[in-house]
Amino acid sequence: MGACLGVCSVLSCMSCLCGTAPCLLCGCCPSTKNSTVTRLVFTFFLLLGTLVACIMIIPGVEDGLKQIPWFCDTSTTLHGSVNCDVVVGYKAVYRMCFAMAGFFFLFALIMICVKSSKDPRAYIQNGFWFFKFLILIGITVGAFFIPNEPFTSVWFYFGVVGGFLFILVQLILLIDFAHSWSQSWLEKAEEGNTKCWYAALLICTGLLYAASIAAVVVLYIFYTKSNDCTENKVFISLNLIFCIIVSVVSILPKIQDAQPHSGLLQASVITLYTFFITWSAMASVPNKNCNPSLLAVVSNTTTGQVVQWWDAPSIVGLVIFILCTLFISIRSSNNTQVNKLMQTEENPAMLGGGESSPEDGVHRAYDNEEEGVSYSYTFFHFCLLLASLYIMMTLTHWYKPDANYQAMTSAWSAVWVKIASSWMGLLLYLWTLVAPIILKNREFN
């Protein structure tokens, strides 16, 4: 919260934040679309909130939070005494992410059915940044006064559902990225330097599959036992089989005829991400014998154990989260089906509408949405809402306090959510391959 207030004091000196998106560009920045600047600023709010949430689980900051009587009271609870050494960081992350989710939910409601920048609500979307920041600060401060129950238990399940949905959003973006990557390199190969581009495709595909094979070996070595961990063996084996199937399907003659740009590069990207999700699921298995990366939890403060909030799957997940949120902000897919699914359908505004030339050499954002919005405002805020819930679950490792708030425990529900999302991702990718064959009367670009 201190970090938020510190940033607020800096931003308050910038009178430009009371204006619209064009005012946000400095002279050293190139002119760009109003819609892109707006999405980047909202994404900045999300990343700033994420940074504050990360700061709140640093041991020194946690010690300071434990000194606040109303935030973690060890005496007044329905479950008896509360172990603040365990839950204070967990509570701080939940309330910070609740504030971000509430902020984006509010704007998702306000921006329903905005069709162009001529709608008065578009001015709210593209401007008044200082006041938006104050709203976010206000919601954050209020969230820290929310009582433990039933908020903690209920919000955990909101986080599970939201985290699952955002993993699917990540998978959609990844599939789109993989197809765009392969198509771009194949087109360059057809234009010239054929051997170089095909060699690059081959090398990248080989490296991605090599990383996937290494991941499978590591998962079998560290997350299975010869006489135990049956669930882990089943999950790893099933995902290995499914990845082999989609890889084979991607190079079938009928698929190649329908989609000449389809190939193993896309399949290798999806395969590697699938095993990342599998790794993350294995890291949530509550059985310590089958999960060597299970974080230390505190059941008694006299044991000398400490809560560890950072592990390798969470760090990698955080990096992927940052890349995906930035991609949502600046993306411009050349796949019409993805545009329809992500609510960024092409319209005249996206085809170059608006005045883009700087006036008097001043670089600024120009309005490209007078004829129609280039993205769904409501759906964009909904994606950021899901991102807030996903980062909340990532930073807390999908853990929840036990019944008496004495320890953080891992739940099988987190494992099943991640495994189910990996299967959904593979199914989505498989559908992108077979859809042109099944639905012959529809055009798939």
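Predicted model: local features only at pLDDT ≥ 70, side-chain atom pairs only at ≥ 80, totals over all residues.

Reader: How many helices and strands does the protein chain have?
Author: Helices (H or I, at least four residues) and strands (E, at least two) are DSSP runs, numbered from the N terminus. Here the protein chain has 15 helices and four strands.

Reader: What share of the residues counts as buried?
Author: Buried means under 20% relative accessible area, exposed means over 50%, and partly exposed is in between (1.4 Å probe, protein chains only). Of the 445 residues in the protein chain, 48% count as buried. As for contacts (heavy atoms within 4.5 Å), take those between residues at least 6 apart in sequence: 78% of them join residues at least 24 apart.

Reader: On to packing. How are two packed helices described?
Author: By the angle between their axes and the distance between the axes. The axes are lines fitted to C-alpha atoms, for helices over the stretch in contact, and angles run from 0 to 180 degrees between N-to-C directions. Angles under 35 degrees count as roughly parallel, over 145 as roughly antiparallel, 65 to 115 as roughly perpendicular and the rest as oblique.

Reader: At what angle do helix 2 and helix 6 pack?
Author: Helix 2 (residues 34-56) and helix 6 (residues 129-143) pack at about 25°, with axes 12 Å apart. The two are therefore roughly parallel to each other. On the helix 2 side you'll find T38, V41, F42, F45 and L48, which meet W129, K132, F133 and L136 in helix 6. By class, the residues of this contact are seven nonpolar, one polar and one charged. For these classes, Ala, Val, Leu, Ile, Met, Phe, Trp, Tyr, Cys and Pro count as nonpolar, Asp, Glu, Lys and Arg as charged, and the others, Gly among them, as polar.

Reader: And helix 11 with helix 15: parallel or antiparallel?
Author: Their axes come within 8 Å and cross at roughly 170°, so helix 11 and helix 15 are roughly antiparallel. Helix 11 contributes Q266, A267, I270, T274, I277, S280, A281 and M282, while helix 15 brings V415, K418, I419, S421, S422, L426 and Y429. This contact has nine nonpolar, five polar and one charged residues.

Reader: Now the cysteines. Which ones does a disulfide join?
Author: A disulfide is a pair of cysteine sulfur atoms within 2.5 Å. Searching the whole structure turns up one, and that disulfide joins C229 to C290, with S to S at 2.0 Å. The link is left-handed, with -95° about the S-S bond. It ties together distant parts of the chain, 61 residues apart: C229 sits in the loop between helix 8 (194-222) and helix 9 (230-250), C290 in the loop between helix 11 (264-282) and helix 12 (312-330). Both C229 and C290 are buried. C97, on the other hand, is in no disulfide, and the nearest cysteine sulfur, that of C54, is 8.7 Å away. C97 counts as buried because its relative accessibility is 0%.

Reader: Where does N287 lie?
Author: In the loop between helix 11 and helix 12. N287 counts as partly exposed, because its relative accessibility is 30%. N287 and C229 are 58 residues apart in sequence, yet 8.4 Å apart in space, C-alpha to C-alpha.

Reader: Which residues is M100 in contact with, leaving aside its neighbours within four places in sequence?
Author: They are F45, L46, G49, T50, L136, S388 and I391. M100 itself is found in helix 4 and counts as buried at 0% relative accessibility.

Note on methods. Residues numbered from 1 in each chain as written. Heavy atoms only, no water.
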